[in-house]
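Have the viewer open as you read.

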Amino acid sequence: MSDPAGHVQANPARRREISPAPIRKSVVVHAPAARAFAFFTSGMDRWWRPEHHIATNPFAEIVMEPRAGGRWFERDRDGAECEWGKVLVWNPPEQVVLAWQLNADWRYDPDFITELEVRFIPQGETKTRVELEHRGLEKFGAKADAVRASLDSPEGWNGAVAEYASRLAAEAK
């Protein structure tokens, strides 16, 4: 398609919708990669903010089963469980990829998946760069921009990553 001057123009019918960009966060922690990985995966209830639960009651623990195909869920004091997703890749101490199966209404949906990848990159023997990427946000559909804004806020991944680093540092003392 061209205009009267002969310049090529994009065909509006062929335009693709730009999906929301993945959320990326990075922090350097003062811990070897194996410790940083273990604290993220098996110590999540020690750093995840307690007000961020999806079950009726606050969680007593957050469980990430240590294998590909494992469950990822919260459990309250009465033993009731609420699914968050599942483990897609389990590669200690380098990487974990999780299926985030909470929809735009913050409810578990077994047919809904965005991916959360966390990489643990050694920075010498005593430090690790932890890189988090939450991708596939376009799957939230019409609510994608609002969900992305929430996840990329101080109450979302910004705060969660900061809390993770702070609690890991406190436990190392």
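A nonpolar core here is a set of buried Ala, Val, Leu, Ile, Met, Phe, Trp, Tyr and Cys residues joined through side-chain atoms within 4.5 Å, where buried means under 20% relative accessible area with a 1.4 Å probe and protein chains only. This is a predicted model, so local features need pLDDT of at least 70 and side-chain atom pairs count only at pLDDT 80 or more, while totals for chains, interfaces and linings use all residues. Residues are numbered from 1 along each chain as its sequence is written, and side-chain values use heavy atoms, with hydrogens and water left out.

**Overall layout**
- The protein has 4 helices and 7 strands, taken as DSSP runs numbered from the N terminus (helices H or I, at least four residues; strands E, at least two).
- Along the sequence they follow the pattern β-α-α-β-β-β-β-β-β-α-α.
- Of the 173 residues, 39% count as buried.

**Core**
- The largest nonpolar core has 40 residues, and those with the most contacts inside it include Trp48, Phe120, Trp157 and Tyr164.
- The element that gives the most to this core is α4, with 6 residues.
- Beyond its neighbours within four places in sequence, Phe120 is in contact (heavy atoms within 4.5 Å) with residues including Phe37, Phe40, Pro93, Val130 and Tyr164.

**Helix α4**

**Pocket and cavity**
- On a 1 Å grid over the protein atoms alone, a cavity is a set of points where a 1.4 Å probe fits but cannot get out, and a pocket is an open set with protein on both sides within 12 Å along at least five of seven lines; lining residues have an atom within 4 Å of a point.
- Volumes are the space filled by probe spheres set on the points, which are joined across faces, edges and corners.
- The largest pocket holds about 260 Å³ of space.
- Among the 15 residues lining this pocket, Trp48, His52, Trp100, Trp106 and Leu151 are the closest to its centre.
- Two or more lining residues of the pocket come from each of α3 (144-151) and α4 (157-172).
- The largest cavity has a volume of about 40 Å³.
- Lining the largest cavity are Lys25, Val27, Phe40, Val118, Val130, Glu131, Leu132, Val161 and Tyr164.
- To this cavity lining β7 gives the most, with 3 residues.

Definitions and conventions
Buried means under 20% relative accessible area, exposed over 50%, partly exposed in between (1.4 Å probe, protein chains only).
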